[in-house]
Amino acid sequence: MALFADTGLRLHEFVRRPATIVLVLAVPPLAIETYGTALESFPQLPGLAEPARVGRVTGTLFAVAFLAGLVGLFQVISSRSGDERLVLCGYSRMRLLGTRLLSLFTVGAVASAVALATLGLRVDVAAPALAFGVLIIAIVLYGLLGVTVGSVLPRELEGSLVLVFAADLDNALSSDLFDTGVVGRFAPLHHPHALFESAVVSGELAGDHLLPTMAYLIGFLVVAVVAYTRAGVRAPRS
Amino acid sequence: MTPGEQSATDRSSDGSPVLEAREIVKSYGSWLPFTRSNDVLDGVDIVISGGEIVGIVGANGSGKSTLMQILVGAMDADGGTVERAGRVGWCPQETLLYDRLRVDETFGLFGEGYGMSGNDITAARDRLANRLGFEAFLDERVDRLSGGNRQKLNLSVALMHDPELLLLDEPYTGFDWDTYLAFWELTAELVEAGTSIAIISHLINERDRFDHIYTLRDGRLHVEQER
């Protein structure tokens with residue numbers, strides 16, 4: 001129960017920052033429409049998916065993943081000193097990480113709902129619940145990446161740049177727009193992208209992509225826990 | 001050790017130590033080439049006994065806050081040992097609070113960290129807010145507090161669990177005169193009750209309030225005043 005009470009406090013912190021709420025609500029529609037409009041100009045080629053739909057599906061994943069990464073990053077960086085003081089007061093670092101992740105997932109779920117609703121306005125989503133579940137997976141994946149980057153590179157500008165490049169590159173490699181060969185298959189969003197595409201187009205669970213997705217999740221979780229628990233603040237000297 | 005350079009551990013004390021630090025060494029280095037390391041602490045010894053109030057002064061950049069962070073456990077020393085007995089309260093120079101939480105939420109969060117019950121947290125919050133004069137701001141967000149009120153909250157977080165050892169880094173920065181006097185009244189009561197207090201400041205005016213004053217210079221503590 002205490003974990004949920006702490007998470008409630010973190011969410012209070014979050015909603016008291018209006019600019020962040022605007023970003024959570026505005027970035028998904030903007031990214032989805034930008035990707036869709038950009039790819040509309042590409043010709044429909046035989047045997048390939050409709051470019052505009054591919055663009056919107058890709059934009060949806062990018063928007064939620066990027067937002068989750070940024071929220072994870074800034075949660076860790078902006079509260080780093082306060083968290084260290086709390087640890088000295090007796091809080092366990094794992095409990096702190098747990099509250100950070102729970103509040104991140106809550107914010108991410110809101111962003112996913114907005115993204116899915118936006119996508120549904122332009123594309124028929126065959127299995128909305130399944131698609132929403134895949135977006136949550138993408139949020140967890142990139143939220144953990146944000147926590148990791150924030151722990152090992154606790155500077156807002158540099159950390160944000162790393163996340164922008166990671167999300168952009170990952171999304172491009174995962175989108176099936178280009179033949180990226182074996183490199184693309186190792187991109188973290190490759191399997192979630194296949195799961196999401198399948199949920200949107202056919203409404204089926206692409207079972208062969210589920211296990212690799214879970215493997216990435218576990219790997220990212222382990223790395224994030226190690227990075228967060230080992231990153232103690234070294235406060236500025238006098 | 002040169003004449004006149006007495007270790008802080010050499011003084012006799014009747015009370016048992018609540019803090020004992022020996023041979024503390026700290027340097028700031030860099031992994032970048034062509035940069036040199038900065039030796040900040042070079043064998044600092046200090047013992048603080050029950051009910052003592054100790055001042056540590058030093059020039060800017062002398063390593064006072066570094067020493068305080070090592071004493072409280074917020075920073076690892078390169079060498080030496082630190083032993084603490086009992087509950088520790090730390091008031092850092094930078095407030096290290098959550099800007100978008102309210103004052104009452106801040107008490108709740110840190111109080112839970114200390115393992116206090118809800119009733120104890122409320123009692124401590126009301127007692128300290130009344131004593132330091134910020135009861136009108138309990139429902140205010142931390143980032144909307146004045147510098148002085150932020151510092152009162154910073155100090156209150158260090159005091160709320162009735163620590164046996166209180167480590168205060170520039171604790172009265174931004175206080176108005178009434179709060180400054182209230183602060184010293186409070187510390188006098190705490191010392192009377194057996195709490196040990198170490199205050200770090202770049203400037204200590206009222207020297208008769210301290211049992212011992214040390215100067216941090218060249219990486220070591222030098223006795224400046226004994227009572």
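**View 1. The six-stranded sheet of chain B.** An open sheet of six strands in chain B has the order β5-β6-β7-β3-β8-β9, and its pairing is mixed. Two strands pair if DSSP finds at least two bridges between them; helices (H or I, at least four residues) and strands (E, at least two) are DSSP runs, numbered from the N terminus. The edge strands, each pairing on one side only, are β5 and β9 (220–226) of chain B. From one strand to the next the twist averages 20°. The model is predicted: local features need pLDDT of at least 70 and side-chain atom pairs count only at pLDDT 80 or more, while totals for chains, interfaces and linings use all residues. Residues are numbered from 1 along each chain as its sequence is written, chains are lettered from A and ligands numbered from 1 in the order in which they are written, and side-chain values use heavy atoms, with hydrogens and water left out.

**View 2. Strands β3 and β8 of chain B.** Strand β3 (residues 53–58) and strand β8 (residues 212–217) of chain B run parallel and are joined by five bridges. B:V54 has B:H212 in β8(B) as its bridge partner.

**View 3. Helices lying across strands of chain B.** Helix α4(B) lies across β5 and β6 (165–169) of chain B, at about 170° to β5(B). Helix α5 (residues 177–192) of chain B lies across β3, β6 and β7 (196–201) of chain B, and runs at about 145° to β7(B). Axes are lines fitted to C-alpha atoms, for helices over the stretch in contact (heavy atoms within 4.5 Å); angles run from 0 to 180 degrees between N-to-C directions.

**View 4. The three-stranded sheet of chain B.** A further open sheet in chain B has three strands in the order β2-β1-β4, with antiparallel pairing. Strands β2 (38–49) and β4 (79–84) of chain B are its edges, each pairing on one side only. The twist averages 15° from one strand to the next. Strand β1 (residues 17–28) of chain B runs antiparallel to β2(B), and nine bridges join the two. B:Y28 stands opposite B:N38 in β2(B).

**View 5. The interface of chain B and chain A.** In chain B, 35 residues are in contact with 26 residues of chain A. The two chains bury about 2,600 Å² between them, of which carbon and sulfur atoms give 54%; buried area is the accessible area (1.4 Å probe) that two parts lose on being put together, summed over both. B:Y98, B:R100 and B:L109 supply 27% of the area that chain B buries against chain A, more than any other three residues.

**View 6. Salt bridges.** Two salt bridges are counted between chain B and chain A, a salt bridge being a side-chain nitrogen of Lys or Arg within 4 Å of a carboxyl oxygen of Asp or Glu. B:E105 forms one with A:R16, the closest N and O atoms being 2.8 Å apart. The elements giving two or more residues to the side of chain B that touches chain A are α1 (64–72), β5 (88–91), α2 (103–113) and α4 (147–159) of chain B. Over all chains the structure holds 23 salt bridges. Within chain A, the side chains of A:R56 and A:E33 meet in a salt bridge (3.0 Å, N to O). A:R56 is in helix α3 (residues 51–78) and A:E33 in helix α2 (residues 18–40) of chain A, 23 residues apart.
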